[in-house]
Each structure stands twice: as structure tokens, then as C-alpha cells.
Amino acid sequence: MPAEIIADLAIRPAPRDIKAAANGVHHHSHQEPRRHKHSRSSYSEVSPIAAAISRNNSWIRPAKRSMPTPDKTIAVINASGRQAASFIRVATAVGYHVRAQLRNLLGVVATEVSTNPNVTIIQGELYIKEGDASERSKPVDVDVTKEGPISGIGVNHDLIKQLFKGAQLAFINTTFYGDEEKIGEALADAAKEAGIQHYIYSSMPDHHAYNPEWPSLPLWASKHKVEAYVKKIGLPATFVYTGIYNNNFTSLPYPLFCTELQPDGSWIWQAPFHPDAKLPWLDAEHDVGPAILQIFKDGVKKWGDGKRVALAYEMLTPREACKHFSRGVGRPVRYVRGPIEIKVKIPEGYRVQLEALEALYALGKDDPKKQPPYFGDQELEDSCPRVALELWEGPRGLEEYAREVFPLEEQANGLRWMLENDDGGGDNHNGAHGHYHNGAISAGNGNLSPPQEQLESEDEDDDDDEEEGLVMRGMRRDDEEWLA
């Protein structure tokens, strides 16, 4: 019997009443359960469309046409990250088989991926301790997030070779766990040896390569070097650049995308971006999968030869982003330009990234036109969202995310501001601080997501999503690190 894929939250949350059992609050049978203020989805079961479909499904939908089942296998790494998980859901739903590397089987997303009947799991790290078998069996006791080569840490070539066995396509999103550049090169070499027909790599820019006055962002620069290597060895490749993840936002005190809850129930988002400079935005879980699948379907004739594709469906200034978010959650959200505040433990590699990012976005000072493009390349920036919409016309914008998904993610992280009977003040973090792995945050892709972000603990669940935005981690995605 096929396994059930648990993917409702990542695609669109099912409407429901949420009972508040968190924070030690218990309801007796005679009490009215708290209702979630944001439980009404656009797919509501009481909507006219839903009612019509329920009454006469065959009348609403055209007869199904027979479609050939794809006969290709796709190799994917960091499969519990936001980008990879989004793609796996979509690709397997239409019949592709996926060979997916997972660091471990812990967490909601790892469970979803590993129980998908169209997925073969290759479990293990992409990095490995150097030395003999007895030495490799010992726990890794060094910080594997440091930039550049790490003493005693090598590349897991055996796992990488196994990953591409029988695969024709590959979607690869490396993270900074281990030597990202060396791992990225090893993946490209193995893909070429395996005869991969289309290699999609999730890259990011090295700003210093575009302008010598701009500093490099270390985590992104590593991906840029991997991109250059993929081109050098002649793999038939496409490079995707992902915008800031909508789900980077969190009320928890993670750096860069913390929306700090105020006593009056409003939020303040503080970051170093100019308030009036446009930034690219993306709902990674909802929109990466369909876009990547379309690139594969179009093939290398359209997207090969090292073409770069910017995946971002909205270009919003920080002030505009706050307006969209405010409309979604029904509360004031205010942007403040200021330094990145680090209030929790973060990986060393991520800390260095944030310092460089703060320096990069200070260059424009008070002129938004002088702020360096997020993607480094102004032409790539100007292609947003036109090119992304050519790939996938059904994106979920920041306002819809804030209305339908953000409250659910927040409650899963132990927060309760979204419950009707709470007064919404800044003290609604009761009990939440125990849910971020003792204050630790992990990161994975080269992006700016708290992620997304969404992170795993360094020795058990760190992984991607993540992926090109920062990715944050919470109870709902305990299997992820910051993966982009």
C-alpha cells in the first residue's frame, strides 16, 4: 500500500480549528476551544467552489487524459531542505523517481521524504572524517560550518557515487556543512561520470566578482565557485538563484528576519537593507518544486549552456514587504533599518555570513539605487519575476503566506499570538524558548533565510532548506538545518 505523503502544510494548510494545548494551557470538555484567527483558507470547505466540487466533482473537472509516466530518475541532496523537499513532492507526484540523500531520518520532512514510495533514500553525510575505518566511526568533533578546508574532514565520495547510480537528472543544492566547494566539485564530477543529462544547481552570487568594491558573502561565494567548476567541466547545466524565503520570518529571536512582537501586538522587523530598495521574494516550499520541474521538462535546449534563472515571484522593498505581511496577518508590521541582532547561538559560518551581509548592504547608505543587487547581476535581478512566471504561474505571495501559513508555523514553534482568546501582547512567547534547540540555530543553503530557512541541531538534524535565503528552524521542521 503506498505510503501517505505528509505535505499539506508545505503546499497549503488545510483549514481547521487549532486547539491551544501549548504552554501548559488545557481545556476542559465544557469549555469552548480557542479558535485560530487565521484558520480560513482560500480553499475553505464552505466556499462556493468547494461546495460545487463536493456536489458534482465530475461536472466541475474534465475527464482525465492518459499521460505517460516519466521514466527518468532524479538525484537530489539535502532532501529535507525547503528547496529539495518542495521539488521532491512535485516530481514524485507526476511519476518521477528520486534518489535522495538525507543526513538522517529525523523530523517531519525527512519522514515525509523517506516514506514516499517514489523515493530511494541514500542516508549519510556528504562530508566524512578522514582516516581509517575506526577513525571515521568516531563522532565529528570539529565545527563543520567553518569556511574553506576543514582539517580532518573530507568528502564522502562513496555516498556521492551511489547517489547518481541510475539517475539521468539532478537537482543539487549544497550547504555549508563540510567544505562546500570541495563537496560541490565532487558532486559535479560524479554527475559527469554518471552521464547526467541535465544538472540543475542552486547557486548564489559572489558580489565581489561583480564589483571589486563589494565584499563577498562567504556562503554565497562558495556556491559561486561551485557554479564556475560545473561550467568548467562541461556539464549540461542550469543555475537557479532563489530569492529571500517568505518563511524566513519568525517571532522567535533568530537573526535577520525576526519580526519582534511588541506589547501592543504589532511587529517590528529590523534588518540592514535600505527600506526603499527592491528585494526578490520567494515561497520556497510552495514554488521551487513546480519551477524546477518545468526547467527539467523544457530541457537543456532551452535552459542549458549554463543559463542562470532567478526564482523570485515578487520584487518588494522592505517597507512594501511589511505592508504585504501586515495585510496577511491583520496586524501592523513596521520596518526599521538597523544592525543584525544576534540573540541566539548560530554556526560560525553563518555568523561570518551575516557580518559580511551587513557590510555589503551598508554600501548604499541613504541612496537605494546604490544598494548592490541581491543577485549581484543587475540583469538577473531585472528578470524578476518575469522569467519565474514563465516557469510557474501559481506562486504564493508574501501576503498569502502571512495569512495562511505563518500563523500555523508560529504556533508549531510554541507561540500563541494567533489564538482568539489571547490579547496578542509581546509576552505571548510563553514556553516557546524551549523549542529552538537550546538556543542554537543552523543554516544550510547560501541564502538569507532564517532558515529558513528550519534548522537542525549540528549533530543530528542540520541539513540544507535550505537553502539561498536564510532558513530558520522550529518544531515543525526539526529535521532541517538552515538549508535554503
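Q: Why are E10 and strand E11 (residues 267-271) said to pair?
A: Two strands pair if DSSP finds at least two bridges between them. E10 and E11 have 3 bridges, in the antiparallel sense, so they meet the definition. Leu 261 has Trp 267 in E11 as its bridge partner. The model is predicted: local features need pLDDT of at least 70, side-chain atom pairs count only at pLDDT 80 or more, and totals for chains, interfaces and linings use all residues. Residues are numbered from 1 along each chain as its sequence is written, and side-chain values use heavy atoms, with hydrogens and water left out.

Q: What makes strand E10 (259-261) and strand E15 (333-337) edge strands?
A: The sheet is open, with 3 strands in the order E10-E11-E15 and mixed pairing. E10 and E15 each pair on one side only. From one strand to the next the twist averages 30°; axes are lines fitted to C-alpha atoms, for helices over the stretch in contact, and angles run from 0 to 180 degrees between N-to-C directions.

Q: Which helix lies across E11 and E15?
A: Helix H13 (residues 318-329) does, running at about 160° to E15. Contact means heavy atoms within 4.5 Å. H13 also lies across E12 and E14, at about 115° to E14.

Q: What joins strand E12 (residues 279-282) to E14?
A: The two strands run antiparallel and are joined by 3 bridges.

Q: What makes the crossover from E2 to E3 right-handed?
A: A crossover is right-handed if, with the strands pointing away from the viewer, the path from the first strand over the helix to the second runs clockwise. Here the β-α-β path goes from E2 through helix H5 (residues 108-114) to E3, and is right-handed. Strand E2 (residues 97-102) and strand E3 (residues 119-123) pair in the parallel sense over 5 bridges.

Q: Why is Cys 322 called buried?
A: Buried means under 20% relative accessible area, exposed over 50%, partly exposed in between (1.4 Å probe, protein chains only). Cys 322 has 4%, so the word applies. Cys 258, with 16%, is buried too.

Q: How many disulfides does the structure hold?
A: The structure holds 0 disulfides, a disulfide being a pair of cysteine sulfur atoms within 2.5 Å.

Q: How many helices and strands does the protein have?
A: The protein has 18 helices and 15 strands. Helices (H or I, at least four residues) and strands (E, at least two) are DSSP runs, numbered from the N terminus.
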